[in-house]
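Opening the notebook on this complex today. I want to go through the sheets, then the helix pairs, then the confidence scores.

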Amino acid sequence: MKMFSISHKTAFVVDHCPYMAESCRQQVEFDMLTKNRPQGVIPLAPVSKSLWTCAVECSMEYCRILYDIYPTRKLVNFIVSDSEFHILNSWNQADQSTQELMAALAAVGPPNPHEDPECCSILHGLMAAVESLCKITEYQHEARTTLMDKADRVSNRGRIICITNAKSDTHVRMLEDYVQETIQEQNKLAISSDRLMQIQQCELVLIHTYPFGEETLVSDRPKKEISPVLTSEVHSVRAGRHLASKLNILVQQHFDLASTTITNIPMKPTLNVCDQEEQHANTSANYDVELLHHRDAHMEFIKSGTTSRDSGLKETVTLKWCTPRTNSVELHFCTGAYRISPVDVNSRPSSCLTNFLLNGRSVLLEQPRKSGSKVISHMLSSHGGEIFLHVLNCTRSTLEDPPSISEGCGGRVTDYRITDFGEFMRENRLTPFPDVQGSEVAGKVPLERAKRQLERHTRYWPMIISQTTIFNMQAVVPLASLIVKESLTEEDVLTCQKTIYNLVDMERKNDPLPISTVGTRGKGPKRDEQYRIMWNELETLVRTHMGSSERHQRVLDCVLACRSKPPEEEDRKKRGRKREDREDKGEKNGKDSESERSWQESERLKAALERDREELAEAEVIKDSPDSPEPLNKKPRLEVEDVQPAEKAKGPVSLLTMWTNRINTANSRKHQEFAGRVNSVNNKAELYQHLKDENGMDPHENGKAMR
Amino acid sequence: MPTVVLMDVSLSMTRPVQLDGTEEFQRKNLAVHGLTMLFEHMATNYRLEFTALVAFSSLWELMVPFTRDYNTLQEALNNLEDYDKTCLEPALQGVSNIVQQEWGSTCPCQVVLVTDGSLGIGRGSLRHSLSTIKHRSEDKKFPLPFPFPAKLYIMCIANAEELQNSDTLDNLEQLLSLNGGEGQIFTVEGPLCLKNVQSLFGKLIDQAYTPFHAVLRCGNLSSDVQVFPRPEPVIMDEEVDPAPRTILTDLEIVGFIEIGDISSPPVLSRHLVLPIAVNKDVDEMGTGTTDETEEENSANQMAGKSPNFCVLLHGSLKVEGMVALVQLGPEWYGMLYSQADSKKKSNLMMSLFEPGPEPLPWLGKVSQLGPTSDAKENPYGEDDSKSPFPLQPKSKRSYAQNVTVWIKPSGLQTDVQKILRNARKLPEKTQTFYKELNRLRKAALAFGFWDLLKGVADLLERECTLLPDTAHPDAAFQLSHAAQQLKLASTGDSQYAAFDHNITPMLTDFSGSGSSDRDRM
């Protein structure tokens, strides 16, 4: 696909000379008889459109279809020509709409039949069209600027559609020559300009139109190469509906469109498809609606050669309406979605169909088959006021019968935090932000912020329920949801602190914790051990965020200050305060290095902790199964031994290391005491039994406490 | 991408290969040996690939229809018989039919042609087919290019030197160019022997059947995955941006969107995302021997029991009815979702959008999607009742804005009828009457259709005379006012014929005694 193909730029040149004011000689009755009209009234005389009116309304229809299907990147420049040229819009995307053009056309008005025909010519318009094709569009400009040195890859091609009343074939030849000469001249000018581009390829479509009942003076001619740059074709058509159908065929050719006819559309009032303003509400019938769209929507038919030909020239694919069952949200496997435009936009069947779709319902479309199973190959659906024809895959999938996810890695684990992750996904839903210039510079690209948020939210995120305590506790929720924020308010810090105090309170009251007992025999760890695990985990969570801001750090401080400590550690608090003082001093000297070191420290600690935790989880899971391999249980011990020297090996000891070491010693002391206590309560035989059974678990727990 | 192996079983394949010292081989044996290696590779590393085996000589036969059962393929391969001469064209036609019947014409396929390079003589030979290619009728067209996207890999059980003596390579290259250049010709390097044939098929495996491994990330959560089928490079615009794009091996989730909001987007291709064991020797292990399979099984069991992010993600996507938006490369995105097949099995699936900053108009630019927490108020509403999607386009489409089209007389007649219908219900319908009147006026002015304005003015004047005695007096005033305004517009006088000007109802007051016919223009 080429972005800058011939169809990127279309210059319309419509003749506005006096003879275009002539009637097309096709009459339109507008005073129709209706049933509640009094008898004996003579209807008003029918009106007739001028050649100009026919030309303008057909070219507007061309633009309507074009803009419906290509709202961007396919541009029209509308020019009318009489004694001079009038350019009605520019290549700017903002100027590309039928309303704009209609307003401009109204300002031009119909041709003045009394103007001197000698001064008027279509040539003015053709010259303006060539000049205009040389002008760079915003898309070409953008592509050239981004490609920089490869800017020559951006090509400049275009099409001129000229609707006029020519005098003879010689006249047509003259018009072609004129365009060819003008292109040469303009291309010379374009070399030396930044805002102009040379025309590499131009397609001239000359449409000669004449009143009904007259003999044509110009013959049709298929596309012919005038020069390497210019090709030209001539169409000679009567004004009115002939011109309309010609332009309809041309817009399809020019923009690779194809037609689909939706058949069997029920317009029963019960379906609410039709507006009931009209009288026929009690009758129901099936209607057909013809839509245009990019022809790729028919890829499957084109390749298999099964496009059906309706009525001679017209080629359309018929698809059957399938009445939608529910409004269920389904993700269809869709290989393409193409904007549509109804051929007959304000006919009743068309507007019923489009309104139905615009109200948010989708319609599946079925291939009409005489026999065999039903094949649903397309779907009509609107998104934000635009209707798309979706192409659904209706052949066998190469991905059928894949191994279920439960058979693969992690498939046997049953306690994933599915609901919690669902909540996490809701929090990380995306939403569109307006495109503000210069946002890239400030690092505020919304998508980058979304990625950063995901990173923050997953710094500590255990995947299974048995791996976590804090995320199973309602009491931790306020802190857990706040701490992941990029910045905290004073109020947030307060909430976090309250959460922590609440936990302290729980511990004092000896409230039970939702510690997982999966894989452990008996009742699992004792209550104070449970709290130790919980505090460890909370500390891990908060620690991963301590670098975010000073307020995050304060939450961590609070956790550290509040988490349970053995009684003889009371004096440690005092020293802790001293440490803080000293840290304050240190801050003045080398705040950065200090914080960095402490961060590294915490990272390593975190990593070690996490590793432990993973091992623990793994051990637990494996223990669950009787045929698990035995040797794996030895791993954690090695891991712990690995971690210890690494911390000691560090050269100059930071305050944090000192601090951590202290806690570690304290904890290990505490743990020994715990073992002793266990010893005094239970008899020896049972204790050894326990160790034997849970071999690997105990050393592991020991190791954790050592640090 | 399904594979069709097209195996030459013509008599020339039975030509012996000179090898000193060892037992004698036929070219066919070498070909079977190479294909065995390919099948073994696929059975272990690419086991979801569907493969069919077609044997051909002057006729062709589908030996094994598309299957993932590589034992069946192997068995059929071992039992191939020898036939007569090589006629490639009907065989390629056969492949084309087989693929279209099974997968339609949009599914990309790989065709592996295994031949000794003697492509027949006279009628039915490839040379003959290619020389007549331009003189074919519509129903006897050469099967290439295939109607489906296809890669053609030609495995010559012959070395380049011996092929140079004939025009074989030229013909094969022509075949490739007919296929749009998609594919490659492989020839044996060095003398024909088992080892060199192995390296020949090794090249094919490297080229076409290496599994695509990647890391799926969501912030700090991650999982090693295999993406199947392998995502192929994509070219967007051969003129402006001719370099093919390949997806990154680091797939980063950027956020989540409800299924209803993403709403059946068009995709380039779909791929299974299968978590693989972090332990590298688990997935690369095993050439199929029994004890290794056991080991593999236990390794798989272990892997099955350690939590994996893919499983967690899949479970939540399924429960919540959401998709994860994933970045595949610079300005290239895709989505991850749970896909259930009919047998209640479900899987994590990834679909690739078309490369570009804005693959789906209803989402807008993907780079402009950000976290909801950045928004002033939650765009999904406090109770999840709202959604920021779909994005509304800047301008409305014609079918959504009540455009005026009078190409068919019925269009014009309907519009005139609407005015008349409302005219008879004046003054109740004053607003709609003027709305319709102004719509007609605008279109008539734009199309330069002044005669219509005069005609409708006459029509309204006549309606005025036909008003029943019971009619509200205001009706007559409004009708003649409207008629007069239309007449003025039809003169083209810039004061009355301005496009943006609207005819406003005449201000009348029938509540009091006197009527004021001030005209508020």
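What is the order of the 7 strands in the open sheet of chain A? I read 5-4-1-6-7-9-8, and the pairing is mixed. For the record, strands (E, at least two residues) and helices (H or I, at least four) are DSSP runs numbered from the N terminus, and two strands pair if DSSP finds at least two bridges between them.

Before going on, I note that this is a predicted model, in which local features need pLDDT of at least 70, side-chain atom pairs count only at pLDDT 80 or more, and totals for chains, interfaces and linings use all residues. Residues are numbered from 1 along each chain as its sequence is written, chains are lettered from A and ligands numbered from 1 in the order in which they are written, and side-chain values use heavy atoms, with hydrogens and water left out.

**Entry 1**

I looked for the edges and found strand 5 (85-87) and strand 8 (221-225) of chain A, each pairing on one side only. Neighbouring strands of this sheet are turned by 20° against each other on average, direction ignored. (Axes are lines fitted to C-alpha atoms, for helices over the stretch in contact; angles run from 0 to 180 degrees between N-to-C directions.)

Next I checked strand 6 (residues 157-164) of chain A, which runs parallel to strand 7 (residues 201-210) of chain A and is joined to it by 8 bridges. In that pair I picked out Cys162(A), whose bridge partner in strand 7 of chain A is Leu206(A). Helix 1 (residues 51-69) of chain A packs on the sheet and touches strand 1 (9-15), strand 4 (75-81), strand 6 and strand 7 of chain A; contact here means heavy atoms within 4.5 Å. The direction of helix 1 of chain A makes about 165° with that of strand 1 of chain A.

**Entry 2: the 8-strand sheet, chain A**

I also traced an open sheet of 8 strands in chain A, ordered 13-17-16-15-12-10-11-14, again with mixed pairing. Strand 13 (334-339) and strand 14 (341-342) of chain A each have a single partner strand, so one side of each has no neighbour in the sheet. Strand 10 (residues 257-266) and strand 12 (residues 316-322) of chain A pair in the parallel sense over 5 bridges, and there I find Thr263(A) with Lys320(A) of strand 12 of chain A as its bridge partner.

Which strands does helix 6 (residues 241-254) of chain A touch? I get strand 10 and strand 11 (286-294) of chain A, with the helix direction at about 115° to that of strand 10 of chain A. Helix 8 (residues 348-358) of chain A lies across several strands, including strand 15 (363-367), strand 16 (375-383) and strand 17 (386-392) of chain A, and runs at about 70° to strand 11 of chain A.

**Entry 3: chain B hairpin**

I moved to strand 13 (residues 322-329) and strand 14 (residues 332-340) of chain B, which run antiparallel and are joined by 5 bridges. They form a hairpin with 2 residues between them, and Glu331(B) in the turn has a positive phi of about 50°. Gly329(B) stands opposite Trp332(B) of strand 14 of chain B. Strand 14 of chain B is also joined by 7 bridges to strand 15 (residues 346-352) of chain B, running antiparallel; here Gln339(B) has Asn347(B) as its bridge partner.

**Entry 4: chain B helix pairs**

Helix 1 (residues 27-45) and helix 2 (residues 70-78) of chain B pack at about 175°, with their axes 10 Å apart. They are therefore roughly antiparallel to each other (the label is for angles over 145 degrees; under 35 is roughly parallel, 65 to 115 roughly perpendicular and the rest oblique). The residues of this contact divide into 8 nonpolar, 3 polar and no charged. (Ala, Val, Leu, Ile, Met, Phe, Trp, Tyr, Cys and Pro count as nonpolar, Asp, Glu, Lys and Arg as charged, and the others, Gly among them, as polar.)

Helix 12 (residues 409-423) and helix 13 (residues 430-446) of chain B pack at about 155°, axes 9 Å apart. I count 6 nonpolar, 2 polar and 4 charged residues in their contact.

**Entry 5: confidence**

Chain A has a mean of 79, with 73% of its residues at 70 or more; chain B has a mean of 86, with 92% at 70 or more. The predictor gives the complex an ipTM of 0.89 and a pTM of 0.82.

Note on methods:
pLDDT is the predictor's confidence in each residue, from 0 to 100.
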